[in-house]
Structure formats: structure tokens, C-alpha cells
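Colleague: I would like to learn how to read a few features of a structure. Please take them one at a time.

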Amino acid sequence: MPLVRIDIKRNPDPSYAKKLGKVVYDSMKAAINVPDHDNFQVLAEHDDDHFVYDPTYLGIKRTDGLVFIQITLNEGRSADQKRLLYKTIADGLHREAGVRLEDVFINLVEVKKENWSFGSGVAQYAT
């Protein structure tokens with residue numbers, strides 16, 4: 001059960017953020033076997049004062065087209081699965097939304113299954 005947060009600078013196309021979310025969800029399904037209907041996302045757009053990044057950290061030249069993606073998910077994926085996920089997302093965003101590969105910033109946050117409640121105050125995955 002991933003929870004995805006996507007943050008971008010305000011975009012004139014009102015459907016742009018949702019397009020990014022679709023690419024990320026499709027990529028998770030393809031690369032790390034996220035099931036159908038397991039799609040929970042927070043899509044946020046920010047003005048210049050609330051979107052801060054270093055344009056050259058680690059020698060990567062970023063632009064205002066930067067897309068921050070944070071995915072909180074259950075622990076247990078291999079490094080190879082994570083690398084495949086990063087590549088699948090970046091390639092998909094480039095192909096489907098014209099995002100430069102250098103402007104795809106991804107952070108995974110792994111948690112134990114008991115750290116989720118999907119509603120009703122119940123830890124549905126706790127054993």
C-alpha cells in the first residue's frame with residue numbers, strides 16, 4: 001500500500017499533476033507489483049516561494065520543471081526493484097509528460113506493515 005506525494009511548481013495545465021500521478025501509479029504497478037485499486041496520492045502545486053531546490057546538487061542540472069515524488073510503502077523491496085522503479089517512473093514521466101530525466105526526484109520511505117491504518121482506527125495489516 002503505497003502513499004504517494006507529488007510536489008511541483010504551479011502548472012498552467014490543470015490536468016498536469018494528475019497525469020504525473022497516473023504515470024507514477026502505472027510505474028509502481030509495473031516495477032514493484034502494486035495491485036489494482038491501491039492508488040493513494042496527494043498531488044500538490046506550489047508557488048515560487050514554497051518550492052525550494054538546489055539547481056546543481058550532485059552535478060545534476062535541475063529546472064523549475066522539477067517533480068518531487070515521495071512514496072511511503074511497506075519495507076521489503078530489493079535494491080534492484082527500487083532501481084527499476086526509479087527508472088520506470090523517470091522514463092514514463094519523460095515520455096508521457098515531457099519531464100526532463102534530470103528533473104525527476106524520488107524518495108522512498110519504507111515502513112513496517114503495522115504502521116498503516118486504512119480507516120476506522122484499525123491497523124489492518126498488523127499481525
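Modeller: This is a predicted model. Strands here are DSSP runs of at least two residues, numbered from the N terminus.

Colleague: Where is T72 placed?

Modeller: T72 is part of strand β3, which covers residues 67-74.

Colleague: Is T72 buried or exposed?

Modeller: Buried means under 20% relative accessible area. T72 has 19% relative accessibility, so T72 counts as buried.

Colleague: Which residues does T72 touch, leaving out those up to four places away in sequence?

Modeller: T72 touches M1, P2, L3, V109, V111 and W116.

Colleague: What should I look for in a nonpolar core?

Modeller: In soluble globular proteins, nonpolar side chains tend to be buried together. Here the largest nonpolar core has 26 residues, and L20, M28, I69, I71, I89 and L93 touch the most other members. At least two residues come from each of β1 (3-9), α1 (16-32), β3, α2 (79-97) and β4 (104-111). The most come from α1, which gives 9 residues.

Colleague: Which residues is M28 in contact with, apart from neighbours within four places in sequence?

Modeller: M28 contacts P2, V4, N33, V34, I71 and L85.

Colleague: At what angle do α1 and α2 pack?

Modeller: The angle is taken between N-to-C directions and runs from 0 to 180 degrees. For α1 and α2 it is about 145°, and their axes are 9 Å apart. The crossing of α1 and α2 is right-handed.

Colleague: Which residues meet there, and of what class are they?

Modeller: Those in α1 include L20, V24 and M28, and those in α2 include L85, I89 and L93. The contact of α1 with α2 has 12 nonpolar, 4 polar and 2 charged residues.

Notes. Residues are numbered from 1 along each chain as its sequence is written. This is a predicted model: local features need pLDDT of at least 70, side-chain atom pairs count only at pLDDT 80 or more; totals for chains, interfaces and linings use all residues. Side-chain values use heavy atoms; hydrogens and water are left out. Helices (H or I, at least four residues) and strands (E, at least two) are DSSP runs, numbered from the N terminus. Buried means under 20% relative accessible area, exposed over 50%, partly exposed in between (1.4 Å probe, protein chains only). Contact means heavy atoms within 4.5 Å. A nonpolar core is a set of buried Ala, Val, Leu, Ile, Met, Phe, Trp, Tyr and Cys residues joined through side-chain atoms within 4.5 Å. A crossing is left-handed if the near helix is turned anticlockwise from the far one by less than a right angle, and right-handed if clockwise. Ala, Val, Leu, Ile, Met, Phe, Trp, Tyr, Cys and Pro count as nonpolar, Asp, Glu, Lys and Arg as charged, and the others, Gly among them, as polar.
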